[in-house]
Structures are given as C-alpha cells and as structure tokens.
Amino acid sequence: KQVDVSQQKEIEALKALCKIWKCEYTYIGGDVFSRIDGIFTRDNVIKGIFDVKVRKQSLSWYEDYKSVMINFNKIQVASEVSRLLKVKFFHIVQTSEGHLLVVEITKEDGTIVCPMNIRYNKPNPLQQKNNGKPMKQSAIAYLPLENNDYLTTYKSKGIGY
C-alpha cells in the first residue's frame, strides 16, 4: 500500500509539471525495475526522460540543506539513455508543500551538465551482507540548489501551479 501511495504522489507531481510544460508523460513507476522513471512527450515525440521523487521535506528545508540527492549510478545509466534517445534527463523532486525542484542533468547528447558533488560510500566489512553477497560501494550525487543554472523551482500556488 505504501508503494501505491508513493507512486500516486509521483504521478500527481508529473501531472503538475506537464501542465506547466504543456507535455505528456509516460510513467514506468515502481512496479517494474527500471533505470529511469519515465519519459516526457509532446505530439508523440520523446522530449525528455526523468527520475521523480516526492519527499516529506519542505522547500525551506532544501534551501537550508542547499542540495538534492540522487544515486550517481542512476545518473550514469540515464545519461546513456539520454544519449541514445537524444533527449535531456531531468531529476524532479516535489517538496512536502508541493513545490517542484526540476534539475536538468544532461543535454540531448547525454553530456552531464549539472554541477554535482559526488560522495562515495564504501561498504563497512562488518555490515550485514546482502543475500550472502558483499555490499557494493555506492555513490550519491548532491545537486546544488544555489548558483545552479540547471535548476528550475516551481512554487505551488495551492491548487495547480
């Protein structure tokens, strides 16, 4: 049930953004394992790919924290999909009060353009193993909210945007 609520919130965020951008979306969602969450289209032409998250934090929390996070592996894979489809890749975060933080991560050629600080988390050998396999190193990309030409913030105006 919690997954359904999360997916529904992501769909509502996408509907709001598509209303602003005058486009449509196809949401792959959490029912299947995917490298991207979906695609944006206009006139049946793919215009972009995206990753979407709905968070419990407020816009002011993000402004204080000064960044949004995304798994760096997802960026690497999405940049390849971006290159193959010749479209931009966007990371979308909806805040608790409905604001949308939209970060353009790649250009149409798959080149990563958004500034980011990448932090690698090395697995602790004392940590539990994942299904008997050693835990893998992960990397998190922190995308800045200040001085970022690739960030657009859409502020919620109650119903709609």
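## A hairpin to start from

Strands S2 and S3 make a hairpin, with two residues between them. In that turn, Asp-43 has a positive phi of about 55°. This is a predicted model, so everything described here is a reading of computed coordinates.

S2 is mostly covered, as four of its five residues are buried.

Phe-40 has a relative accessible area of 2%, so Phe-40 counts as buried.

Now for the rings. The whole structure holds six aromatic pairs. One of them joins Trp-21 and Phe-40 edge-to-face, at 5.3 Å centre to centre and with 65° between the planes. That pair links distant parts of the chain, with Trp-21 in helix H1 (residues 2–21) and Phe-40 in strand S2, 19 residues apart. Trp-21 is partly exposed, with a relative accessible area of 22%.

Phe-40 also pairs with Phe-50, and here the arrangement is tilted: 4.6 Å centre to centre, with 40° between the planes. Because Phe-40 lies in strand S2 and Phe-50 in strand S3 (residues 45–54), this pair ties together parts that are ten residues apart in sequence. Phe-50 is buried, with a relative accessible area of 0%. Together, Trp-21, Phe-40, Phe-50 and Phe-90 form one aromatic cluster.

## Salt bridges

How many salt bridges does a search of the whole structure find? There are eight. Among them is the bridge between the side chains of Lys-74 and Asp-37, at 3.9 Å from N to O. This pair links distant parts of the chain: Lys-74 sits in helix H3 (residues 72–85), while Asp-37 sits in the loop between strand S1 (24–27) and strand S2 (38–42), 37 residues apart.

Are these two partners buried or exposed? Lys-74 has 19% relative accessibility and so counts as buried, the limit being under 20%. Asp-37, at 8% relative accessibility, is buried too.

Glu-104 takes part in two of the bridges described here, with Lys-88 and with Lys-107. The bridge to Lys-88 is 3.6 Å from N to O. It links distant parts of the chain, from Lys-88 in strand S5 (residues 88–94) to Glu-104 in strand S6 (residues 100–106), 16 residues apart. The bridge from Glu-104 to Lys-107 is 3.0 Å from N to O. Glu-104 is buried at a relative accessible area of 11%, whereas Lys-107 is partly exposed at 28%. Elsewhere, salt bridges that share partners join Asp-37, Asp-51, Lys-53 and Lys-74 into one network.

## A charge over a ring

One last contact is worth a look. Arg-119 lies over the face of Tyr-142, at 4.3 Å from the ring centre.

How values were computed: Residues are numbered from 1 along each chain as its sequence is written. This is a predicted model: local features need pLDDT of at least 70, side-chain atom pairs count only at pLDDT 80 or more; totals for chains, interfaces and linings use all residues. Side-chain values use heavy atoms; hydrogens and water are left out. A salt bridge is a side-chain nitrogen of Lys or Arg within 4 Å of a carboxyl oxygen of Asp or Glu. Buried means under 20% relative accessible area, exposed over 50%, partly exposed in between (1.4 Å probe, protein chains only). Rings of Phe, Tyr and Trp (its six-membered ring) pair if their centres lie within 6.5 Å; planes under 30 degrees apart count as stacked, over 60 as edge-to-face and the rest as tilted. A charge sits over a ring if NZ of Lys or CZ of Arg is within 6 Å of the ring centre and within 35 degrees of the ring normal. Two strands pair if DSSP finds at least two bridges between them.
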